[in-house]
Amino acid sequence: MTNLVLFGPPGAGKGTQATILKDKYQLIHISTGDVFRFNIKNQTELGLSAKSFMDKGQLVPDEVTINMLQAEVEKNEGANGFIFDGFPRTEAQAEALSTYLKSKGTKVHAMIALEVDDEVLVQRLLERGKTSGRPDDADEKVIRNRIKVYYDETAILKNFYQKQDRYYGVDGVGSIEEITERLSKVIDDLMKQ
């Protein structure tokens, strides 16, 4: 089983790469955003709980988020592994994920972060904003703030996984194929261990 935490700032191409890697390595892609939307739309107990916090403009507590992700893992017993996308976001979440996976006899094998220069990200998102219809992709000030929030949040996790020798930064600039090749090299090396 290979479990990866895929990170990258907004516009780094995480979604594109997660889809390719999921198919290439037969992994289950768990996107926190998708899991939240599914649970809220289907009014599951966890979804209703999360929505009650979101409606008040509050962050959803770690416990609720972790329970949702555990439910996703449970749904996919016997999988080759998972790509966690957008989770963990805090050290507490990383610890909880580690404890949970240990109870399943596995672990997070790597945090792989797509590294892209801020100016490239801003241009990519402004370009995407022309077709995505997402207001947060059309305003440069909002984009720069999203990138700043990403770095503020992930700096802690980068340290968390670096201490365990499980952090891998990958150059996220180039063609989709070139980036996939760089990511695959890291994953292939991990699978040999």
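Author: Gladly! This is a predicted model. Let's start with Asp165, which sits in the loop between helix 7 and strand 5 (167–171).

Reader: Why is Asp165 called exposed?

Author: Exposed means over 50% relative accessible area. Asp165 has 65%, so the word applies. Asp165 also has a positive phi of about 55 degrees, although it is not a glycine.

Reader: What makes a positive phi worth a remark?

Author: Most residues other than glycine have a negative phi. Gln26 is also not a glycine, and its phi is positive, about 55 degrees. You will find Gln26 in the loop between helix 1 (14–25) and strand 2 (28–31).

Reader: And why does Gln26 count as exposed?

Author: The cut-off is over 50%; Gln26 has 53% relative accessibility, so it counts as exposed.

Reader: How do you know that the length of helix 6 (residues 118–132) agrees with what it should span?

Author: At 1.5 Å a residue, its 15 residues should span 21 Å, and the end C-alpha atoms are 20 Å apart, so the two agree.

Reader: Which residues of helix 6 are buried, and what makes you say that they line one face?

Author: Leu121, Val122, Leu125 and Gly129 are the buried ones. Seen down the helix axis, they fall within an arc of 95 degrees, so they line one face of helix 6. Helix 7 (140–163) is among what covers them. On the other side of helix 6, Lys130 and Thr131 are exposed.

Terms used. Residues are numbered from 1 along each chain as its sequence is written. This is a predicted model: local features need pLDDT of at least 70, side-chain atom pairs count only at pLDDT 80 or more; totals for chains, interfaces and linings use all residues. Side-chain values use heavy atoms; hydrogens and water are left out. Helices (H or I, at least four residues) and strands (E, at least two) are DSSP runs, numbered from the N terminus. The expected span of a helix is 1.5 Å times one less than its number of residues. Buried means under 20% relative accessible area, exposed over 50%, partly exposed in between (1.4 Å probe, protein chains only). The arc is that of the directions from the helix axis to the C-beta atoms. Contact means heavy atoms within 4.5 Å.
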